[in-house]
Amino acid sequence: MHRPISGLLLFVLIVWPAAVMAGPDVPGSVQRVIEAHGMDRARIGIWVQPVGGADPWIVHNADTALNPASVIKLATSLAALEVLGPAYTWTTRVYLDGPVEAGILKGDLWIRGGGDPFLVTEEFWKLLGALRRSGIRRIEGDLVFDLGQFEPSTEAPSAFDGQPHRVYNQPPHPLLVNFNALHVEVAPGPDGESVRASVDPPLAGLRVDNRLRQRRGSCGGYRLGITYRVLESEPGIALAGEYPAACGNHRFARTALKPEAYVHSLFRALWAQWGGEFEGGWRIATWPDPEQEPDLMHESRPLGDLVRLSNKHSNNVMTRHFKLTLGAEVLGVPATREKGVNAILDFLSARDIDARGLVLDNAAGLSRDNRVTARQLAGVLRAGRESRFMPEFVSSLALAGMDGTLRTRFEDDPAAGRMHLKTGFLEGVSAVAGYVKAASGEDVMVVVMANGPGVQWGTGIELQDAVLR
């Protein structure tokens, strides 16, 4: 004989699925954020555990594979630090293909890219200064680029979001100078009508077609009224639109040229600054004797320095260079995407992190297909704390309320300076992971991921803050 279900038991049966999904240890403050915004509980992953504790404090969907956005940089950067070492450097090699007579190079100048992730304008300027001090004043041949360190990329910069000139979409390149970026600075002219425009770094032969005009009113509007276009008929950019004078000076970064054309134009401009002469073109080829000692070498800053820049500011192309370099060092040149991914997966396996279900389509997080679980990210955080290079790894993460991607979050807040975190946001993705110094003084590992419509805005941040607090 079946007894009728009591009201209390009926209530338990109704709410039980939601309670199980949320997990018994999820605090009420976090539950309220999830419920208030109607977030999909099945697409939220949370893991909170003391660094020295055997068991987590909070677990929710620990084994659900979610898109982590830029938080996946944690795995890439830790693998790079552990496998390559924080003292690892990248080398750009220069060869003279001809004799030097009375300060004139009677032949081509070869530059062999080594995949330096931070060969910015200042470093390239130093390289050319060293070349000039070697006694060369004039180069009669061309620039020849050896790009064999990385397998040629077939990736279109527009593939991710249809924005080919956004710097974050720049693919890796073995001779990437200044991230291939142009920094455009605009400012209202004193006549009240015109808008000045300049480009940094100065690129020889780059035309700037400036048709910007001033407008009155407050500083605002879509892209501040500026339209940016790359010229097709010649190397150059076009600026148009009405710029609010109230905005004062404004600076933004875009790409405009292929990396080889960019290096050639920058070389011409900087070489002239050093008093050098050069009117040649450029081409791509392979230096015939890779074992030959170069005539000049430029060493990058060490990985321990660069991983701080990459993680704190979430630099995509730098992280992707780390991955490719891992592939080249572990599995041989040329570096390929597959070699880099395999090197990272081998590292995770060696640290007893079960990588089943992990999808590493893009090692920097710029992907709709990347997937990782909260448990796997917690494993990376645990490996980071146990690493001999723990100080380098932890200090590479943004410090709440102080620097990097967290500079303006938790300002003037008791939490400022108590969290080292990596953030990640894409359309439909919000994530954060790292280390928190609790009020008790205990060090805690935290992972929060949410996927779903609109979570990249305030909803996702509110969930992150609820867990972090």
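**Helix packing, core and local features**

Author: Leu-303, Leu-306, Val-307, Leu-309 and Ser-310 in H6 meet Met-318, Thr-319 and Phe-322 in H7. Contact here means heavy atoms within 4.5 Å. Helices (H or I, at least four residues) and strands (E, at least two) are DSSP runs, numbered from the N terminus. This is a predicted model, in which local features need pLDDT of at least 70 and side-chain atom pairs count only at pLDDT 80 or more, while totals for chains, interfaces and linings use all residues. Residues are numbered from 1 along each chain as its sequence is written, and side-chain values use heavy atoms, with hydrogens and water left out.

Reader: At what angle do the axes of H6 and H7 cross?

Author: The two axes cross at roughly 140° and come within 9 Å. Axes are lines fitted to C-alpha atoms, for helices over the stretch in contact, and angles run from 0 to 180 degrees between N-to-C directions. H6 is therefore oblique to H7; angles under 35 degrees count as roughly parallel, over 145 as roughly antiparallel, 65 to 115 as roughly perpendicular and the rest as oblique.

Reader: And which residues have the most contacts inside the largest nonpolar core?

Author: They are Leu-74, Leu-303, Val-447 and Met-449, in a core of 50 residues. The elements giving two or more residues to this core include helix H3 (73-84), helix H6 (303-312), helix H7 (316-331) and strand S21 (443-451). H3 gives the most, with 7 residues. A nonpolar core is a set of buried Ala, Val, Leu, Ile, Met, Phe, Trp, Tyr and Cys residues joined through side-chain atoms within 4.5 Å. Buried means under 20% relative accessible area, exposed over 50%, and partly exposed in between (1.4 Å probe, protein chains only).

Reader: What is Met-449 in contact with?

Author: Leaving aside neighbours within four places in sequence, Met-449 has contacts that include Arg-43, Ile-44, Leu-66, Pro-68, Val-372 and Leu-377. There is also a second, separate core of 43 residues, which includes Leu-109, Leu-224, Ile-226 and Leu-257.

Reader: Changing topic: how many disulfides does the structure hold?

Author: It holds 1 disulfide, a term for a pair of cysteine sulfur atoms within 2.5 Å. Cys-219 and Cys-247 form it, with their sulfur atoms 2.0 Å apart. The pair links distant parts of the chain, 28 residues apart: Cys-219 is in the loop between strand S11 (207-215) and strand S12 (227-230), and Cys-247 is in the loop between strand S13 (236-244) and strand S14 (250-254). The link is right-handed, with 105° about the S-S bond.

Reader: Is Cys-247 buried or exposed?

Author: Cys-247 is buried, at 14% relative accessible area. Cys-219 is partly exposed, at 44%.
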